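Please examine the sequence and the structure displayed below. The explanation that comes after them is meant to be read with both in view.

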Amino acid sequence: MATSKGPAGPSLFASRVPEPLASRLRPRTLEEYLGQRHLLGVGMPLRESLSRGVVDSMVFWGPPGVGKTTLAKLLAQSADAAFVAFSAVTDGVARVREVVADAEHRRNSGRGTILFVDEIHRFNRAQQDALLPHVEAGIVILVGATTENPSFALTGALLSRVRVLVLYPIELADLEGLIDRALVDDTRGLGTRRLTIAPEARQLLAEQADGDARRTLGLLEAASALVDDGTTLERSHIEAAVQHRVPRYDKAGEEHYNLISALHKALRGSDPQGALYWLARMIEGGEDPRYIARRMVRMAMEDVGLADPQALVLASAAAQAYERLGSPEGDLALAQAAVYLATAPKSARVYEAWKAALDAARSTPAAPVPMHLRNAPTGLMKELGYGDGYQYAHQVPEAFVPQDYLPAVLDGVTFYEPGPFGFEKEIDKRLTWWAQLRARAESSPVAMTDKSPVSPGESE
């Protein structure tokens, strides 16, 4: 008959979950830290802070897996300060007061406190306001880490009291070195398994990690689980571990704005290759294609304009096609619109004219409508001269009457001038023709009854 051990003995179902490789190999010294030479190179500001043990409040801004948390811990270690973690999501103002009270007690004992706030872009205003005076007084040293632009989330007061240090993705050569170190380290790495890795597999693993050391080690650990001890990791093992490469993208954050900006600039710059690539990056990253479609409609108006009026029609049709088809079929409509917009002639003349017209409207909000342009639905209005002098354009062969259509204060102002490309060349011909008719009428009151200048498209 089977028996079981009491509470003091091991459970039948107890199992020890091994510490992940990325956690075991987390850098413990500055020498083990990868990348960020612009901050940690000889003579660089953060390297000097670490060597002196003097730490100021700062925020590390960079993508995942580049060592933001590790760097904060190394700062605390160099300054012999207490490292206190604070959750911007779950900890409230009461926790801030608790941390400050403990920090004051430590300071009285001669030791500082580094308050580490991960995901500091989630730090709400109440938390920031509660902490601000204690950061100013030096009771706590605030060190934050974020993958998002801190200027979007931190108040101006708090932002002015911290240094924002940008961390970049780790370079391929450094990641390949990390892979080799993990395979030979028999204390914290995989050295006891006597594994090797083929050069093309090492390169693929580093490329698939997107500059993320944590992801590199996670993929290496997953691949190593597919082979026996003493064997070589091949490209096929890395591909099996990767399965599907998840793009780095945040629909509500910094990368969202970076990618839509890149798409817009590629379209404006007439580069269909760049336009297709950034469109694909956004689609693969999970962006709502309807948002992209709306932006491309805007681009058709802002950057193509009347150089190719068909661009707005096609962009709008692509948006409608996506609404009807959804993904993935509707994605092709967006790709077609992107290529069309990129290769269309460009003009921002209407966009600029509209801004100028808005400025004029705001600066002359009380300019009276000229009498000849006013409507006269009542007898009194007719008696007051409403509509007097208005000339109906369709009563003359050219369907153009040279009369003023702006308030007197804006007489002679030009908002729109066509550009030299695409359909705007045709518009320019028309405007030139109408200008000739106007000049002819101004020089001779009976000129409009004589032979008029040749209209666009006609021959003498």
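The following paragraphs treat a pair of helices and then two individual residues. The model is a predicted one.

Consider to begin with helix H9, which covers residues 199-208, and helix H11, which covers residues 235-242. Their axes come within 8 Å and cross at roughly 20 degrees. Angles under 35 degrees count as roughly parallel, and H9 and H11 are therefore roughly parallel to each other. On the side of H9, the contact is made by Glu 200, Ala 201, Leu 204, Leu 205 and Gln 208; H11 contributes Arg 235, Ile 238, Glu 239 and Val 242.

With a relative accessibility of 12%, Val 242 counts as buried, because buried means under 20%. Apart from neighbours within four places in sequence, Val 242 is in contact with Gln 208, Arg 215 and Leu 219. Its C-alpha atom is separated by 9.2 Å from that of Ala 209, although Val 242 and Ala 209 are 33 residues apart along the chain.

Which residues does Leu 217 contact, leaving aside its neighbours within four places in sequence? They are Leu 21, Ala 22, Leu 25, Leu 178 and Ala 182. Leu 217 belongs to helix H10, residues 213-224, and its relative accessibility of 3% means that Leu 217 counts as buried. Leu 217 and Leu 178 are 39 residues apart in sequence, while their C-alpha atoms are 8.2 Å apart in space.

Notes:
Residues numbered from 1 in each chain as written. Predicted model: local features only at pLDDT ≥ 70, side-chain atom pairs only at ≥ 80, totals over all residues. Heavy atoms only, no water. Axes fitted to C-alpha atoms, helices over the stretch in contact; angles between N-to-C directions. Helix = DSSP H or I, 4+ residues; strand = E, 2+ residues; numbered from the N terminus. Parallel < 35°, antiparallel > 145°, perpendicular 65-115°, else oblique. Contact = heavy atoms within 4.5 Å. Buried < 20%, exposed > 50% of the residue type's maximum accessible area, 1.4 Å probe, protein only.
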